[in-house]
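Please read the following report alongside the sequence and the model.

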Amino acid sequence: MSALTVLAAAKAPHIDYKGLSPLFAVGGGSLIVLMVALLPGRFVQRWLVPVLAVGALGAAIGLSIWNWETGTRTIVEGALAVDTLALSISILCYVSGIAAVLLSWRSVAMREAGSGEYLALLLGSITGMAILVSAQDLIPLFVGLELLSIPLYVLCASELRRATSLEAGLKYLVIGSVGSATLLYGLALIYGATGTTEFGGIANAIGDTVKVTDPLLLTGIALAATGLAFKASVAPFHQWTPDVYQGAPTPVTTFMAVATKAAAFGIFLRLFDEALATAQVQWGPALAALATITIVVGNVGAIGQNSMKRMLAWSGVAQAGYILAGVVVGTQLGMKATVFYLMGYLLMNVAAFAVVIARERVSEHGDGIRSLENLGAASPLLAVPMTVAMLSLAGFPATIGFIGKFYLIEATVDGNYSWLGVIIVVGSMISLVYYLRVVAVMWMTPFRIRMPELPSRRTRVRPVSGWSPEADARAQPEVALVAVLTGAAVVFFGIIPAPLFHIVHDVGTSLSSLL
């Protein structure tokens, strides 16, 4: 009877369905996409499954906006946070996912892997990203990281008949496993030093029950930083990035370049600027040194690249150094600058990769820089977004990249890391070498005209723009749409950044411990 009495008195735990709704949309969407893909028919595979994936991501964005409010509330017994930092980074991942679906529409990878399996893995990875950036505990942090990573290992190898794609998947699996193991070891040491896995408990323990200079704690912080640096492509843990970016299907590379980096820096902010904020004096200089090395290595490595994907990979390494500067300072201004730059980084890179996808599908040079030769005359609809993206990545005025770099420099100066702001400026100057080279190839390359043979009277000739009908942006409308929209957003928010400033102002309220 006593057992029955206890069961009768027991109450079900409160479930915050509103806070969990974006995760339900993406996770549920992954299952629905996989099940619907079992239905026969070309319409299902080509149209219905991608539309359902985009619909799930659109619903997640809408539900995230519904949850948007300043301050922080926790769900799942304090394991996850629903705040503006988590929601803003999650929305970036959802937008990246929509772009990836559109860019994958005609891709070999989705055709060979199967649209259902391909998009279910993509949505599963995005679910992991949303969990990761919401984590308030070391356990969901690691669960989210693995849920993010494992689908990406498979997606990198989704072009089953191309050796470089399979190689990219294997390399990412091996290097990613090393990074995950390093991170897990570091988290275990942090738990051992502080006696808790909750971020709030860790922050309270440091300086109280455990000294800031405790060797066990500092070793754990170092290993955790190393594990996250692998995911964020921070030097010297970036060696996998150029090879994996080049070998993976380009839509997957696009998604990895923006969404994975956003999620990695989202948890960087939450772990280091919340749980480990008390030890900022110890880890700040070390991360500043990593940021400096990353900026130099990334920019110098990009100079000699002839593959656009490898060049953008090295550029992404340098950009990771810039973004890491916002984490280093450990201030509210630094967090705002980091999130703002991540927004701009998404727009700039998606625009650039969309043009690379459009050209590699029709050019004999693939993703080589020569595939962009005279693109300005042949297809201005693609050349203009690429030009805007390159100038913004370099930090030219009237682009979002300029505003973002200026914001990061302001944060470093305000946080007593003025010398790091100087490094950002120097890195931007070096980057002009390879960014302007791309612009010059598109607009200044001499164009040699080869007269085609006259077709027979029975041959129906389609209108041609550029080299061939397929080279025209109109033959890949979804890719051109992504390139044009993101390119236009780069300029719009570079001239009128106020809407993004309002967003990051709300983001600043999520970590109350920051000044």
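## Salt bridges

A salt bridge is counted here where a side-chain nitrogen of Lys or Arg lies within 4 Å of a carboxyl oxygen of Asp or Glu. The structure is a predicted model, in which local features need a pLDDT of at least 70 and side-chain atom pairs count only at pLDDT 80 or more, while totals for chains, interfaces and linings use all residues. Residues are numbered from 1 along each chain as its sequence is written, and side-chain values use heavy atoms, with hydrogens and water left out. By the salt-bridge rule the count comes to 10. One of these joins Arg162 to Glu159, with the closest N and O atoms 2.5 Å apart. For accessibility, buried means under 20% relative accessible area, exposed means over 50%, and partly exposed lies in between, using a 1.4 Å probe and protein chains only. On this scale Glu159 is buried at 14%, whereas Arg162 is partly exposed at 26%.

Another salt bridge pairs Glu112 with Arg161, where the closest N and O atoms are 3.7 Å apart. This pair links distant parts of the chain, since Glu112 belongs to helix α5 (residues 108-113) and Arg161 to the loop between α7 (138-156) and α8 (163-194), 49 residues apart. Helices (H or I, at least four residues) and strands (E, at least two) are DSSP runs, numbered from the N terminus. Arg161 is exposed, with 71% relative accessibility, while Glu112 is partly exposed at 23%.

Within helix α8, Lys171 and Glu167 are 4 residues apart and are therefore separated by about one helical turn; their side chains meet in a salt bridge of 2.9 Å, N to O. Lys171 is partly exposed at 30%, and Glu167 is partly exposed at 40%. These two residues also belong to a network of salt bridges that links Glu167, Lys171, Asp243 and Arg310.

How accessible is Asp83, buried or exposed? Asp83, which is placed in strand β2, has a relative accessible area of 0% and is buried. Its side chain makes a polar contact with the side chain of Arg270 at 2.9 Å; a polar contact is a pair of N or O atoms within 3.5 Å, where within protein one must be able to donate a hydrogen and the other to accept it, and residues adjacent in sequence count only if both atoms are side-chain atoms. Contact in general means heavy atoms within 4.5 Å. Apart from neighbours within four places in sequence, Asp83 is in contact with Gly71, Thr72, Arg270 and Ser510.

Ile202, in helix α9 (residues 199-205), is also buried, with a relative accessible area of 0%. When residues up to four places away in sequence are not counted, Ile202 touches Leu138, Ile190, Thr194, Thr196, Thr197, Ala275 and Leu276. Ile202 and Thr278 lie 76 residues apart in sequence and 9.6 Å apart in space, C-alpha to C-alpha.

## Backbone geometry in loops

A cis peptide bond, with omega at about 0°, joins Ala235 and Pro236, and Pro236 is found in the loop between α10 (215-232) and α11 (240-247).

Val76 is not a glycine, yet has a positive phi of about 55°; Val76 lies in the loop between β1 (72-75) and β2 and is partly exposed at 48% relative accessibility. Ala398 likewise has a positive phi, near 70°, in a residue other than glycine. Ala398 is placed in the loop between α17 (380-394) and α18 (400-414) and is partly exposed, at 42%.

## Enclosed space

Rolling a probe the size of a water molecule over the atoms shows where empty space is left. On a 1 Å grid over the protein atoms alone, a cavity is a set of points where a 1.4 Å probe fits but cannot get out, and lining residues have an atom within 4 Å of a point. Grid points are joined across faces, edges and corners, and a volume is the space filled by probe spheres set on the points. A search of the whole structure finds 5 cavities of 30 Å³ or more.

The largest cavity has a volume of about 120 Å³. Of the 14 residues that line it, Gly19, Pro22, Leu23, Leu87 and Ser134 are the closest to its centre. At least two lining residues each come from α2 (17-36), β2 (80-83), α4 (84-104) and α6 (115-134), and the largest share, 4 residues, comes from α4.

How values were computed. On a 1 Å grid over the protein atoms alone, a cavity is a set of points where a 1.4 Å probe fits but cannot get out, and a pocket is an open set with protein on both sides within 12 Å along at least five of seven lines; lining residues have an atom within 4 Å of a point.
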